[in-house]
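The sequence and model come first.

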Amino acid sequence: MESKNVGVIGAGAWGSGLAQALARGGHKVEVWAMEQDVVDAINNEHENKRYLPGFPLSENLTASTDIKHVASEKEYLILASPSLYLASTAAKIVDVPSIREGRTCIGVLTKGFVPSENGPRLVLETLEDALPECYRHYLVYISGPSHAEEVAMGKLTGLIAASENPLNSIRFRELLRVPGLMVYSSLDVVGVQICAAAKNIVAVVYGSLDAVAEHSDIFGDNAESLLLAAGLNEIQKLGFAMGATHAETFTSIAGVGDLDVTCRSKYGRNRRFGQDIIKTDILSRFKNLDDLISRIHEVGYLSEGAVACKYVHEIAQKYNLKLTICDGLYRILNKEIQPMDFLRELLTSAGPEE
């Protein structure tokens, strides 16, 4: 395989994990991080001690705090910033010549919705307005059941590269064809983005149920599978309302695959947040959902599902959708209902299947 110059904007767990997979596969990869200690650790100790501790990184992987330097003259650039900061991050690289002229092929890892004055927007929709016009309909969205820790270790992982431009989808599919990764193409960019964002909401509720099930005579594995199936149904309903084009997206690794690993894996931050709602009463620190989002850094890790449920609540109202699980998490985080009351209501009624 021919080595490529790749930039990764965002040195969180997922950005670092995928960067490591690419570097291990022989590509020259440079990562941008805001924090000097993260950059120093990657360059000097070949480890991201803050966001991906315990996983050695390839010497082909370097880091910098200069975002324009990392973005400049790369054949491929991968954006991995959290959804809350995606637009502001993209604004910092629009005047980089290789991007301004459209010479860099851009992919995106960010999951969730992006707030705007006109309501929540999808990730690619937001970026198309922030980046030069030449990237409209040419961006590639990368998703799938892919915990960063296993990707960094080289464990087998499947990904979807979705784009309205088939050629760019294939380009990223070929770039990501490194040991440990199996990559497939998709044209359903809306459906894949909805799966990536909404599954985090279901995973928070799943985590809460999992914590309750440890000491429950009512809830167990069967109830967890019931919740997972009902959650997939809601994701599909939301996806079609927003313009998803392929039903098979939701039964692929982008849908059921990503939902399953996010709900069940020990690495899942959204599952962990759901467990902390029950085990540590983490919500007692916050007044309501808006307060939680504004102080999300105080949690100690990022639960994208906690942020996404606010935006899905707005979208459901716009399209008049009944999304029992998503609405339930919204009410829990907004202090309108107790978690145990919601779980009993959810799993002892016909609500999720209506």
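## Overall build

Of the chain's contacts (heavy atoms within 4.5 Å) between residues at least 6 apart in sequence, 70% join residues at least 24 apart. The model is predicted, so local features need pLDDT of at least 70 and side-chain atom pairs count only at pLDDT 80 or more, while totals for chains, interfaces and linings use all residues. Residues are numbered from 1 along each chain as its sequence is written, and side-chain values use heavy atoms, with hydrogens and water left out.

The chain has 17 helices and eight strands; these are DSSP runs numbered from the N terminus, with helices (H or I) of at least four residues and strands (E) of at least two. Its radius of gyration is 20 Å, close to the 20 Å from the globule rule for 354 residues, so the chain is as compact as a globular protein of that length. That radius is taken over C-alpha atoms, and the rule is 2.2 Å times the number of residues to the power 0.38. The C-alpha trace spans about 55 × 40 × 35 Å along its principal axes.

Buried residues account for 57% of the 354 residues. Buried means under 20% relative accessible area, exposed over 50%, and partly exposed in between (1.4 Å probe, protein chains only).

Asn48 lies in the loop between helix H2 (36-45) and strand S3 (61-64). Asn48 is buried, at 0% relative accessibility. Ser16 is 32 residues away from Asn48 in sequence, with 7.6 Å between their C-alpha atoms.

Lys111 sits in the loop between strand S5 (105-108) and helix H6 (123-130). Lys111 is buried too, with a relative accessible area of 12%. Beyond its neighbours within four places in sequence, Lys111 is in contact with residues including Trp14, Tyr141, Lys199 and Glu304.

The table gives polar contacts of these residues. A polar contact is a pair of N or O atoms within 3.5 Å; within protein, one must be able to donate a hydrogen and the other to accept it, and residues adjacent in sequence count only if both atoms are side-chain atoms.

| Residue | Partner | Distance |
|---|---|---|
| Asn48 side chain | Ser16 side chain | 2.9 Å |
| Lys111 side chain | Asp258 side chain | 3.4 Å |

Met182 is found in strand S8 (residues 181-186). Met182 is partly exposed, with a relative accessible area of 39%.
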